[in-house]
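Reader: I would like a close look at one part of this model, the cavity inside it. Please keep the answer in one piece.

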Amino acid sequence: LLIMAFTVPVSMAAAGRETSRTNRMIGGLGEFLRLFDFYYSQYLTDYHVGKDIRLHGQKELIEGQYAEQLEGAVGTFRRIRRMQMKYRTIISLISILLTVYVYLFVGVKALLGLVGVGDILAYVGCISGFLSGINSFMTTFAMLRTNNEAMEAYFSYMELPEEADSGKKAV
């Protein structure tokens, strides 16, 4: 129980920090997404734009901007992946620590004769399942709490009034 009191808060903190840092890093992709949407969803889907690109020599400009923005986005995703690997390594080490503790606990009980030889795996499975469930629940709770902080802008937007006055008529 003492080991669980240590490992669950550490796993929660690691999962919460991972989620909040991931949200912050993804927030930095706004410029890339804006340009990508403009060029590839709005501008370049028009047939007549091809003529403009050829006539005005815009190919290098568009390719250059896209390559520059894509390089920044790829760099951001690499940083996110490295950061996630760090936090997931911490969570994995905690899981390994819990598994070793469970086997030691059940092994000592078996050596003292408190657990029968046939019940060793049953005890290990029950204790591991219990600890895994609590750890998973608390980690998910921490991630949800962190995601709520990131969703504040969306919540405030959704709470805006539906009517606005524009001149003499309500819109």
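How many nonpolar, polar and charged residues are in the lining of the largest cavity?

Author: The model is a predicted one. By class, six nonpolar and two polar residues make up the lining of the largest cavity, with no charged residues. The residues in question are Phe32, Leu35, Phe36, Tyr39, Tyr40, Gln65, Tyr66 and Gln69. Two elements, α2 (30-43) and α4, each give two or more residues to this lining. The largest share, five residues, comes from α2. Tyr counts as nonpolar in this scheme, so Tyr39, Tyr40 and Tyr66 of the lining fall in that class.

As for volume, the largest cavity has about 40 Å³. The count of cavities of 30 Å³ or more comes to one.

Helix α4, which spans residues 59-111, also holds Ile96. On the surface, Ile96 forms a nonpolar patch together with Leu93, Val100 and Leu104. The accessible area of these four residues together is about 390 Å².

Ser156 lies in helix α6, residues 152-158. Ser156 counts as partly exposed because its relative accessibility is 42%, and that class lies between 20% and 50%. Along the chain, Ser156 and His56 are 100 residues apart, and their C-alpha atoms are separated by 44 Å.

Notes: Residues are numbered from 1 along each chain as its sequence is written. This is a predicted model: local features need pLDDT of at least 70, side-chain atom pairs count only at pLDDT 80 or more; totals for chains, interfaces and linings use all residues. Side-chain values use heavy atoms; hydrogens and water are left out. Patches are made of residues with over 30% relative accessible area and no salt bridge: like charges are joined within 9 Å, nonpolar side chains (Val, Leu, Ile, Met, Phe, Trp, Tyr) within 5 Å. Accessible areas come from the Shrake-Rupley method with a 1.4 Å probe; for residues, only the protein chains shown count as cover. A salt bridge is a side-chain nitrogen of Lys or Arg within 4 Å of a carboxyl oxygen of Asp or Glu. Helices (H or I, at least four residues) and strands (E, at least two) are DSSP runs, numbered from the N terminus. On a 1 Å grid over the protein atoms alone, a cavity is a set of points where a 1.4 Å probe fits but cannot get out, and a pocket is an open set with protein on both sides within 12 Å along at least five of seven lines; lining residues have an atom within 4 Å of a point. Grid points are joined across faces, edges and corners, and a volume is the space filled by probe spheres set on the points. Buried means under 20% relative accessible area, exposed over 50%, partly exposed in between (1.4 Å probe, protein chains only).
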